[in-house]
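Subject: Structure handover: charged pairs

Hello,

Here is the structure I promised you. Please open it and keep it beside this email while you read.

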Amino acid sequence: MRSNDITERKLKRALEFKLPRKDTSSSVLVPMVNTDAGWEVLFEVRSDTVSQPGEVAFPGGHLESGERSIDAVLRETVEEIGVTPESVKILGELPRERIQGGRLVKPFVGLLSDYAYKNIKTSAEVQQVFTVPMSFLMNKEPERYSYKMSIENDESLPEVLQKHLSVETPYGVTLYWEYNGFGIWGLTARILNNLILLTQMYQD
């Protein structure tokens, strides 16, 4: 399915998929924009003021005490890219992902208004934002890398991964897309892959 075959109704249908309820400690937003060129996914590049600087990520963070996942993800998105809660239309949820330490992350998919997209203001936590067309993502299989880090970086890995994995878990497997020099991997790539797979499953 091409990106111009995607409609808001199809996205909502794909996102009706649910996993059994589990405890969640963090939530992230997969921000989407519907441009003249078709659907695009918006990503952040983390700044030097936060952990994992330079890493590509989605807006989001930890839930505060008593806070719902949906409220946390809107709060974090407002703080990180300067949009208003009213400018984010939540379309649905993706399967939860488990990260280091056993914590669960709940991903939401949301449509940014055109005005919000064109007036994004990055915060101290965000170096910059960029978008990737769904047409690119849906027509390009992610690369898959097994890695085992040591004092000497594995030169067979992409440069982006060599840089970030030097401070990450010393072994694992990751999906990987590269677009205009930006490397999308790890948790962000897993969430993105779920969005792509579910969108492809529900074409009608």
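**Salt bridges in the model**

E67 and R75 form a salt bridge, and their closest N and O atoms are 2.8 Å apart. Both E67 and R75 are buried. Bear in mind that this is a predicted model.

Side chains of opposite charge can pair when their charged atoms come close.

How many salt bridges does a search of the whole structure find? The count is eight. Two more of them are worth a look.

Start with D71. Its partner is R68, with 2.9 Å between the closest N and O atoms. Is R68 buried or exposed? R68 has a relative accessible area of 53%, so it is exposed, since the cut-off is over 50%. D71 has a relative accessible area of 33%, and it is therefore partly exposed.

Now go to helix α3, residues 114-118. D114 forms a salt bridge with K118. Their closest N and O atoms are 3.1 Å apart. What separates D114 and K118 along the helix? They are four residues apart in α3, which means about one helical turn lies between them. D114 is partly exposed, at 45% relative accessible area. K118 counts as exposed, at 61% relative accessibility.

Last, a network. Salt bridges that share partners join E64, E67, R75, E76 and E79 into one network.

Best wishes

Note on methods. Residues numbered from 1 in each chain as written. Predicted model: local features only at pLDDT ≥ 70, side-chain atom pairs only at ≥ 80, totals over all residues. Heavy atoms only, no water. Salt bridge = Lys/Arg side-chain N within 4 Å of Asp/Glu carboxyl O. Buried < 20%, exposed > 50% of the residue type's maximum accessible area, 1.4 Å probe, protein only. Helix = DSSP H or I, 4+ residues; strand = E, 2+ residues; numbered from the N terminus.
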